[in-house]
Amino acid sequence: MIFLTFEHILTHISLSIVSVLITIYLITLLVDEIVELDNSSEKGMIAIFFCITGLLITRWIYSRHFPLSDLYESLIFLSWSFSVIHMVPYFKKHQNNLNAITAPSALFTQGFATSGLLTEMHQSAILVPALQSQWLMMHVSMMVLSYATLLCGSLLSVALLVITFRKDIRIFGKSIYLVNGLLSFREGQYINKNKRSNILRMNSLLSDRNYRKYQLIQQLDYWSYRVISLGFIFLTIGILSGAVWANEAWGSYWNWDPKETWAFITWTIFAIYLHTRTNKNLQGANSAIVASVGFLIIWICYFGVNLLGIGLHSYGSFNI
């Protein structure tokens, strides 16, 4: 009873912090960067991390099984995974573009999990026979960790595509401006020295902006590749451990269950992504398109299949 009460307290605290942090992020989007708000958001993310960690440990103690038996618990673990990924560069004092992805992901996942939509799943239940195995921790934790890392890497690829598209527009506009400038130079009798200096200054400014965008694209591509590579390893371990567990529980390594099928599709998509990375001509925007498709496939595998409530993994479904 004490652990249950403590879980409710942590749930309400985490939901309150999520609400405050989402408000802070919305303010920073509308207002210029404020250092105090940035520091508050980072401290809030640390508080969220410890709240979720305490929530998982508390649920583990009183339920007497690793808290990954249903969609609610997996969502809590998913938000915890996002917060772990967010904390790693923070404690290393190394800021990168990954934090802009992990923080909102952790907040919205935790907010959805602790909202009233999954109230029926908040109460821990006895494990079904198929889940009463030591493979539960190994298989499900690896799968959820792979979802978290692959989603973060895919979102970085989506950001890369957006910035690349904007970069192309700016370069196109710059080219037109340069052409107009060259034509104007040929018609020197119509342009004075001030206008010429303004043209050169504007071209220099555009070049500097495009160079900064190029650097940002390279960083996004670099981190996307690293994060997706890590997620792909987690996904491979999760699928292999799940196959061994399936053989013990159902007598077959692979049953083409909807969850298994979409997990295989997810693995294939990101295997294609990693393959495109070996070809320099396909790196950047081309490989980012594959990763963006993978982003949608992950949500179908993780969330969409649970909506169906069919197959051997139907115990992970939910009712809204």
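A search of the whole structure turns up twelve aromatic pairs, where rings of Phe, Tyr and Trp (its six-membered ring) pair if their centres lie within 6.5 Å. This is a predicted model, in which local features need pLDDT of at least 70 and side-chain atom pairs count only at pLDDT 80 or more, while totals for chains, interfaces and linings use all residues. Residues are numbered from 1 along each chain as its sequence is written, and side-chain values use heavy atoms, leaving out hydrogens and water.

**Phe77 and Trp80**
- These two rings form a tilted pair, 5.4 Å centre to centre with 35° between the planes; planes under 30 degrees apart count as stacked, over 60 as edge-to-face and the rest as tilted.
- Phe77 and Trp80 are three residues apart in helix H3 (residues 71-91), so about one helical turn separates them.
- Phe77 is buried at 6% relative accessible area, whereas Trp80 is partly exposed at 22% (buried means under 20%, exposed over 50%, partly exposed in between, with a 1.4 Å probe and protein chains only).
- Ring pairs link Phe77 and Trp80 into a cluster with Phe49, Phe50, Trp60 and Phe66.

**Trp254 and Trp256**
- This pair is edge-to-face, because the ring centres are 5.7 Å apart and the planes are at 80°.
- Trp254 is partly exposed, with a relative accessible area of 27%, and Trp256 is exposed at 55%.

**Around Ile9**
- Ile9 sits in helix H1 (residues 2-30); helices are DSSP runs (H or I, at least four residues) numbered from the N terminus.
- Ile9 is partly exposed, with 43% relative accessible area.

Terms used
Helix = DSSP H or I, 4+ residues; strand = E, 2+ residues; numbered from the N terminus.
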